[in-house]
Every structure is written in C-alpha cells, then in structure tokens.
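User: Please take a close look at one part of this model. I would like a connected account, in short sentences.

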Amino acid sequence: MNNGMLNTAARAARIAGKIILRNFEQADLDVAEKQKNDLVTNIDKECEKAIFDFIGSKYPGHRFLGEEGGAQETRQAPETEAAKTRKPGLGKASGDHLWIVDPIDGTTNFVKGIPHVAVSIALQINGVTELGVVYDPIRDEMFQALRGQGAVLNNRRLRVTDAMGLDGTILATAFPHRKRELMDSYTAILMRVFKECADIRRAGTASLDLAYVAAGRLDGYFELGLKPWDMAAGELMVREAGGIVADFKGGNDYMKSGSVLCGNPKIAKRLVALAREDSANL
Ligand code: 2AM
Ligand code: CA
C-alpha cells in the first residue's frame with residue numbers, strides 16, 4: 001500500500017463526483033427500485049463504471065466489489081496491454097487487492113435533490129482495509145484515511161471529539177430501512193440513546209456520517225443493516241481519527257453483521273452498553 005493508491009482512489013472519487021454534480025437535480029434520471037425502498041439510477045452505474053475503469057487502468061488484476069455490481073460479484077479490472085504481456089512470476093500477484101466502492105452513497109438523497117451524497121472507495125489488501133476516501137462533491141470535501149497514518153479532510157488532520165459521555169452530544173443514526181424486521185430492537189436502542197444525548201441527526205448517507213464522526217462534527221453514530229460499501233472507507237477514517245468502531249455487542253463483526261456504532265472510546269463504550277441488551281439478532 002502506498003500514497004499512490006490513495007491518490008488513485010481520490011482521483012477516481014473526483015471523477016465520479018463530477019458525474020454526480022453534472023446530473024444533480026436533472027429531470028431525466030432513470031430511477032429503478034433494486035428492492036423495496038432501495039433505489040438505483042443510471043448515474044450510480046455510470047459512476048461505478050468510471051471508478052472501476054480508472055482504478056482498473058492503474059492496477060490491472062485488482063478485484064472490485066461495487067454496490068451496483070452485485071453483492072456477491074467481484075469483477076476483474078480490465079487488463080492493460082502491459083499486463084497481458086507481463087511474464088508470469090514477475091511482479092507480485094495482486095488478487096488480494098479488493099476495492100470496495102459505493103459510487104453514490106445517498107442515492108435516495110440524490111434522486112430527491114437533497115444535497116448530501118458521497119462517493120466512498122476503500123481498498124482492502126488481504127482482508128485488511130488499508131485506505132479509504134469519502135468524497136462529498138457538493139461541498140467539495142475530500143476525506144481520506146491511510147491505515148496507521150491518520151485521516152484528513154482537504155489536508156486538515158481529523159480527530160474525533162473529546163466528549164466524556166453522551167450528555168450534550170450530537171449523534172447520527174439511520175432507520176433500518178433495508179431490514180424493517182429490526183425496527184423494534186432499533187427503536188428500543190434509539191430511545192435509550194436519545195434520553196442521554198443532546199440530539200440525533202438522520203441525513204441518509206452512512207459514509208458521510210462516519211466521516212463527520214472522524215472530523216469531530218458528530219460525537220458518534222450508530223446504524224444497523226449496513227453493507228460493506230456503506231462503511232468500508234468511513235470506518236477506517238473513524239479509527240484513524242482516534243475513534244472506536246464496534247458492532248452492537250462491542251465486537252469487531254460490523255462488516256459482516258452490518259450493525260455499527262462509533263465515537264471516541266468513551267462514546268463507543270456507552271453506545272455498546274445501551275445497544276447490547278437488544279443486540280441478540282443484530
Ligand atoms: P445508498 O444510497 O448507497 O444505498 C445506510 O443508511 C445506507 O442506506 C445509506 O448510506 C444509503 O446508501 C442508504 N439509505 C439511506 N437512507 C435510505 C432510505 N431511506 N432508503 C433507501 N436507502 C437509504
Ligand atoms: Ca449507493
């Protein structure tokens with residue numbers, strides 16, 4: 001892993017960001033429902049292709065997991081001429097590089113013309129997230145994280161807040177719109193949390209919720225039913241900004257379970273304490 005890969009991720013995110021801006025609030029969007037209450041547009045697909053093509057041209061042989069490419073499906077990057085003629089045994093086999101991409105996080109916001117969307121790109125090497133970028137094209141904010149080297153927003157170093165407990169904090173969350181059967185557990189947790197904090201935001205773009213926690217704009221965040229592409233980049237960002245990311249039981253299983261909470265160590269600990277009781281099926 002190197003800064004070149006982080007730069008590639010950021011450049012790919014800007015390419016997608018331009019496509020998003022060009023199509024924001026345009027009337028001719030082609031909107032389809034992937035499943036109930038889960039939208040995809042022709043622009044999500046165009047952005048994903050642009051990201052895959054750009055990264056694939058730099059790193060042939062890397063694999064991709066994109067929201068619009070199907071959850072189970074990974075795609076081989078298009079091979080360059082150089083890669084086709086490369087002799088076996090030369091260079092490191094690169095099948096262990098997996099780019100996890102959400103081309104438009106906040107598609108529902110995008111469709112409704114709500115200016116709160118992001119491009120999220122992470123790279124895992126041998127299953128470890130090494131870098132993440134979350135790009136907000138509307139505000140031109142580029143959040144970037146490199147494992148072990150911190151997180152930045154447009155070159156400013158990020159740090160989670162120093163809240164000592166939930167009292168006075170502003171948190172973010174989202175309703176389990178993809179998993180409505182979890183609504184009762186979720187509501188129970190939400191009410192316990194709300195009693196202790198100052199207020200809660202629900203903005204609809206998970207990657208930005210995570211990036212905002214990293215940036216200290218929010219004190220914490222919790223949500224369930226997330227997919228890997230919603231959180232892969234943002235969760236690294238929170239950790240690199242000094243935060244803790246956990247599942248609702250306090251473990252590390254959030255990428256698999258989709259239940260995630262975060263904040264500084266004190267906030268994360270308190271959120272786990274409030275979530276644990278209802279976390280049996282989360
Ligand atoms: P998406 O736009 O990439 O699908 C987690 O909340 C994620 O679910 C969000 O980052 C967003 O990702 C999607 N999402 C948020 N609110 C939603 C809603 N009301 N309906 C459908 N998808 C939503
Ligand atoms: Ca998306």
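Predicted model: local features only at pLDDT ≥ 70, side-chain atom pairs only at ≥ 80, totals over all residues.

In which sense do strand β11 and strand β12 pair, and over how many bridges?

Analyst: Strand β11 (residues 170–173) pairs with strand β12 (residues 199–201) in the parallel sense, over three bridges. Ile170 has Asp199 as its bridge partner in β12. Helix α5 (residues 183–196) belongs with these two strands: β11, α5 and β12 make a right-handed β-α-β unit. β11 also runs parallel to strand β13 (residues 220–223), joined to it by three bridges. There, Leu171 is partnered by Gly220 of β13.

Glu67 and Asp102 link distant parts of the chain, 35 residues apart. Glu67 lies in the loop between β3 (63–66) and β4 (75–76), while Asp102 sits in strand β5 (residues 97–105). Both Glu67 and Asp102 are buried.

β5 itself is largely enclosed by the rest of the structure, because nine of its nine residues are buried. It pairs with β3 in the parallel sense, over four bridges. In that pairing, Leu65 stands opposite Ile100 of β5. Strand β6 (residues 118–125) runs antiparallel to β5, and seven bridges join them. Here Val101 stands opposite Ile121 of β6. In a regular strand, side chains alternate between the two faces of the sheet.

Notes:
Residues numbered from 1 in each chain as written. Chains lettered and ligands numbered in written order. Heavy atoms only, no water. Buried < 20%, exposed > 50% of the residue type's maximum accessible area, 1.4 Å probe, protein only. Pairing = 2+ DSSP bridges. Right-handed = clockwise from strand over helix to strand, strands pointing away.
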